[in-house]
Every structure is written in structure tokens, then in C-alpha cells.
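Work through the exercises below with the structure open beside you. Try each task before reading its solution.

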Amino acid sequence: MGAYADTYQRSLDDSDGFWLAAAAAIDWSRPPARALDSANAPLYRWFPDGELNTSYNALDRHVAQGRGEQTALIWDSPVTGTVTRYSYAELRDEVARFAGALRSLGVGKGDRVIIYLPMVPEAAIAMLGCARIGAVHSVVFGGFAPKELAARIEDAKPKVIVAASCGIEPTRIVEYKPIIDEALAATTHQPDKVVVLQREAARAELSARDIDWADLVPGATPADPVPVAATDPLYILYTSGTTGKPKGVVRDTGGHAVALAWSMGAVYDIQPGDVWWTASDVGWVVGHSYIVYAPLLIGATTVLYEGKPVGTPDAGAFWRVISDHGVQALFTAPTALRAIKKVDPDAAELAKYDLSKFRTLFLAGERLDPETYHWASKVLGTPVIDHWWQTETGWPIAANPRGLEPMPVKPGSATKPVPGWNVEILDQSGDPLPAGQEGAIAIKLPLPPGSLPTLWGDDARFIEAYLSRYEGYYLTGDSGYLDEDGYLFVMGRTDDVINVAGHRLSTGSMEAVLAAHPAVAECAVIGVRDQLKGQLPRGFVVLKSGVDIPEERLREELVAAVRRDIGPVAAFRDVSVVDALPKTRSGKILRKTMRGIADGRDEPVPSTIEDPGVLDALRTILRG
Ligand code: COA
Ligand code: AMP
């Protein structure tokens, strides 16, 4: 057996032994004697008797081991013209001070803290500061609207919110304070304090509840790391589900540290001291796991980049960062590569930089189209590795495990299931499908360490949303197939989740916004293919009878409503008025059929369709 096959088999046959061995890479204040706790199955827990602190593992222990002077974090911010380096000792001190500041505001173990910060080092400092005192952070992406922020505040009930005065987008300054004020005007729950990091691009006016980061943090008494149970929550990260209400994915402390540290070596082949860059945002899971936690847990150097792939200042932005900091591997979403390719198809900018240290490009977050794969492989001349995972899982389910056993790449495949993940392809009735046949991608329980143990405060929703479709399995929501060599091909979501420029969004929540318009009787939103962003939302509305509104005005109002209620990141720009939506006789909207038409696939029309003629009108709109 090769290293991969052997490790994979061991991870399933003796998962306790496998993960207890992996746990040795972490420093525990009380080492776990047990790995899996099945007492409350299907709600599994990992390392039930272990105790540790994630901030200690990400910072202090590296200092103790003599890495204090090594660079832990490089903040590269072309939008502000800044590059700042923090050594492990400096980052530990900043985090300890911030943790002390939080404590001075009454934040303790188990209290929630919402972090609403752009790509500044203070985002990582705030996350690690929460972890240091056992507080549970919930980072909210800056591109969301006040309503989305409000939904997260209401669910997480934070004691404190940590925010910046603004984020910097290429075409505008996004003032955060008005967004927070609007969100808090709509929530029942109110935090005690809002800590505001003032940025020169737009300083915020502070009110009685607000406190300036600069007044609070520098003088705070540094806090030591507090041991917490391995099963205590480290963070909550809200993600889009099929309904409008976001799901609060919980991440535990011990399983997360063990799995992420293991993945850095086995999947990404990154060692202590290597320079690693994840070009994403701390508001997404990719940012949590691979900008902040994983690289620091193993003592690598992580790059935190505030900018876009192009236009900051040009299409060479990514190559400049790789060259300036000696980056060995980059992890980003395919859409970033498509954005570069669009403006610099021959990668002329790349020739200006020294990429001699660069070894691997990792891509995930959305489907990697073959064209982008081939382009990136050609211009970089390094392996380009697609891999697949989700907010819920926290780390890769399928990958080409570069540190374990690099495998030949098959374009279109996320390569093979990573050790720990027992992936099966199931048909409608839950029977495993043979190689080559597409079905629901499911993972046999228990999920490995690092994956979500539950949804915040809602075990029932966790079971209902993920564990009830196939007994004994976690439902990923993606469909795909395994080929004869065991390579996994992920084909797309089976639900209403879409991926726009690598950002996960719910068409269900967009439909809720459209449906609230007084002129709209019913509506549907589907994801359609887009050359740059992978997918874009596309809306269809049926008007209430007797309504007389110019179509252009209605469109503008609906587009503005989605931007106002969900946020600019939804990139919702396209909505058509139709006479009717395709429905079954029992009234269910045939979204899958609509998606098929949009993608040029003529799916069999369900025999239960009420009026097949409706599809002709849709074909005309979608295919021109
Ligand atoms: N705060 C506020 N607004 C934000 C934001 C943030 N953090 N991120 C995006 N937005 C806004 C953008 O300004 C844009 O607003 P506009 O409609 O006024 O122009 C809108 O949301 C859509 O953003 P986006 O889809 O990102 O489009 P873009 O044209 O700004 O950039 C890419 C396109 C491809 C360059 C960019 O999406 C990218 O770099 N993606 C990488 C993917 C990624 O990080 N994925 C995370 C998982 S790996
Ligand atoms: P998120 O939770 O934001 O990470 O989004 C997870 C979803 O993105 C998955 O369920 C997939 O639908 C999609 N996705 C992530 N990575 C890939 C990939 N490599 N190939 C295809 N789809 C992907």
C-alpha cells in the first residue's frame, strides 16, 4: 500500500489511535486519554477529557520553543500602502493585551464576541484574543448588510462587538459603524460594548457604548491563556443554508487544533517556518482555518492580504506578494485566478517577479473549471491543486495530499477523500453507487475531528439539516461521483446554496427579499454560470394581478432590496418578470429544472409539471 492508502485505511479502521497520535502535535494542559466520544451519537465529540488553549498553541509555545523572533504574520495591504510584520513574540504580546482588554470589559469563558473587521491584523489578534480567554468569537464578513449582521447578533448574543471604522474596497470606503448601528437598532439583544478600531480612511463617530481600540487595548493588562475543554466552542461561523436563517456552525477547540495542524503537513506540505498565503477573507471558513489558525498552530508564517487580485495596483498583485514575501504556497478561490486571467491573459505581469520559492497553488471554495486549471498550470509551471471542503467541515474532505503522497492530477477532480473522511456516493434511497455514477456525496459518521459538532444552540436543526436524510451519514449538499481510481468529482450543490466569486450565499434568502416586495406574487432565484464569478444569482418574479409597475423600476427596486438586505456581496443584478414559474401540480417550484435550462442541460421534465409551456418562456429568457 502507498502512504495515502495506508494512512486512509488506518484513519478509518483505528480512528481513535490515528487521532490520538495526531493529537501529540498539540500542547495540552491535560492530554486526552480518549479520542471519540459516541455517548450522545449521532452527536459525536472528540477528545472529551482533553484540555488546552488554542492561542497558547498558536503563539506561546512557538515562542517557548525558540521561534519568538520568527515572523508569524505579514500584513500586506496595498489598499493602504502598508506592509507590517509581527514576530511570534510580538503577536503573542498583542493578543495577550487584547485578551486582557476583553477581560476588562467583562468578557470571560463562553461569552460570545462578534468580530466585524476587514483584512487587518487586528482581526487575527481579536480572534486569538478571544481564544486566549475561552471566549467564543463569531466573525462576520464585511460585505454583508445590516440585516445579516443583525441575524448573527440575535443568534450569538455577543457581550462585545469588535469592529473597524471602515473597510476599503477598490471603488469605495465601506463605513462599518453605520452598518453596526443599523443592525443594533433592529436587534433585541444588545452588547455591552462596541470596540472600534479607527482607520484613517474613515474615522467613526463614537457614542456612549463605543470604545476606541486605541484607548482600550495598549494599556490593558496582558491575559494568560486559559485552559478550556477540548469540546468547548472556539468559534461560531454563520453560513448560508437553504433557508434565509443562517446556520451557526460551531467549531470545537481540541478537534480543530488537532485536525488543522495535521492538515498543514499532510494536505498542504507546509512545515514550521514556511511562508504560506491564503488569499481569502477572515469572514469565511477558509480565512479562519488557513489565514489564522492552521499556519500559526504549526509555526509557519502567514500572509494576511488586504486587497484584490487585480487593480491593487495591477494584475501582478498576487505575483508581487508571492515574490516580496517568498511565499511557498498560495491558497485561493478559482475566481481570483479568473479575475487575473481576464485582464492579463498572457500573465505578462508574472514575468516581472521572482517566484522561485513558489511550489504549489491550492484552489477551493467553488468548482475549478478546466480552463482556469490549465491556464494557472501553464503560467505558474507548478502543481495546481483543487480540493473540496465546506464551512461545516472546517478542513479538506477531498484533496491531493501533497505531504502524504502527491498524486497525478485529473482536471475536474478534487482528488481523493482525505484520511478521516469516509466518503460515499449514495442514491436516492441511500444505497452506495458504483464508480462513475453521480449521486449525493455523503460522509459516513462519525465525522473526523475539526468538523462541526452541532449548530449553535440548535442540535435539532443540526440533525435535521445534515444527519436525517441518510441515517448514519452526514449530507454534504453536494453531488458528485468517485471514478475507478477513487478520485472524487464534485459536480455541484443539490440545494439552494450558490457560490458567487467563492462567496457562499443562499438563493432562499434572496427569494425572501424579492417576495417581500409589494408587487411580487411569487419568485425564484437560481444560480447561473458566470465566466468570472463562477455563478451569479438570477431572479424571476411573477407579479400580483392588477399590479402596474414599469418593469425597469421594479428591477431596480428588487436589485436595491437584495443589496440592502443581504449585501453587495450577493452580486444580485439580474431579475426578469415572467407570467408564471414552472411548478408541479402540488405547487412546488421546479428550481432544478430551471437550473438545468440555465446551464444548457435539458433535464427530463418531471411528469408532475403543471404547465410545460412555461418552460419555453424561461428558455427564451435564459438562452436568449
Ligand atoms: N466588505 C464590503 N464589501 C465587499 C467586501 C467586503 N469585505 N467584499 C466584497 N464586497 C463588495 C464589493 O465591493 C462589490 O461591491 P460593488 O457591487 O459595489 O462593486 C460586491 O461586494 C461584490 O464583490 P465581489 O463578488 O468580491 O466582486 P469584486 O468585483 O469586488 O471582486 C473578485 C471579484 C473575484 C476579485 C473577488 O471576489 C475575489 O478576489 N475573490 C476571491 C474569493 C475569495 O476570497 N473567496 C473566499 C473563499 S476561498
Ligand atoms: P463554503 O462553506 O463557503 O466553503 O462553501 C462550500 C461549498 O463550496 C461546497 O459545499 C461546494 O458546493 C463548494 N465547493 C468548495 N470547494 C469546491 C471544489 N473544490 N469544487 C467544487 N465545489 C466546491
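**Exercises on aromatic rings**

The charged end of Lys410 is placed over the ring of Tyr487, at 4.5 Å from its centre. This is a predicted model, in which local features need pLDDT of at least 70, side-chain atom pairs count only at pLDDT 80 or more, and totals for chains, interfaces and linings use all residues. Residues are numbered from 1 along each chain as its sequence is written, chains are lettered from A and ligands numbered from 1 in the order in which they are written, and side-chain values use heavy atoms, with hydrogens and water left out.

**Exercise 1.** Find the residue that lies over the face of Phe144.

*Solution.* Apply the criterion: NZ of Lys or CZ of Arg within 6 Å of the ring centre and within 35 degrees of the ring normal. Arg152 lies over this face, 4.5 Å from the ring centre of Phe144.

**Exercise 2.** Classify the pair Tyr235 and Tyr293.

*Solution.* Rings of Phe, Tyr and Trp (its six-membered ring) pair if their centres lie within 6.5 Å; planes under 30 degrees apart count as stacked, over 60 as edge-to-face and the rest as tilted. The structure holds 31 such aromatic pairs. For Tyr235 and Tyr293 the centres are 6.4 Å apart and the planes at 10°, so the pair is stacked. Next, both residues, Tyr235 and Tyr293, are buried (under 20% relative accessible area, 1.4 Å probe, protein chains only).

**Exercise 3.** Classify the pair Trp277 and Tyr305.

*Solution.* The centre-to-centre distance is 5.2 Å and the angle between the planes is 65°: edge-to-face. Both Trp277 and Tyr305 are buried.

Key:
Buried < 20%, exposed > 50% of the residue type's maximum accessible area, 1.4 Å probe, protein only.
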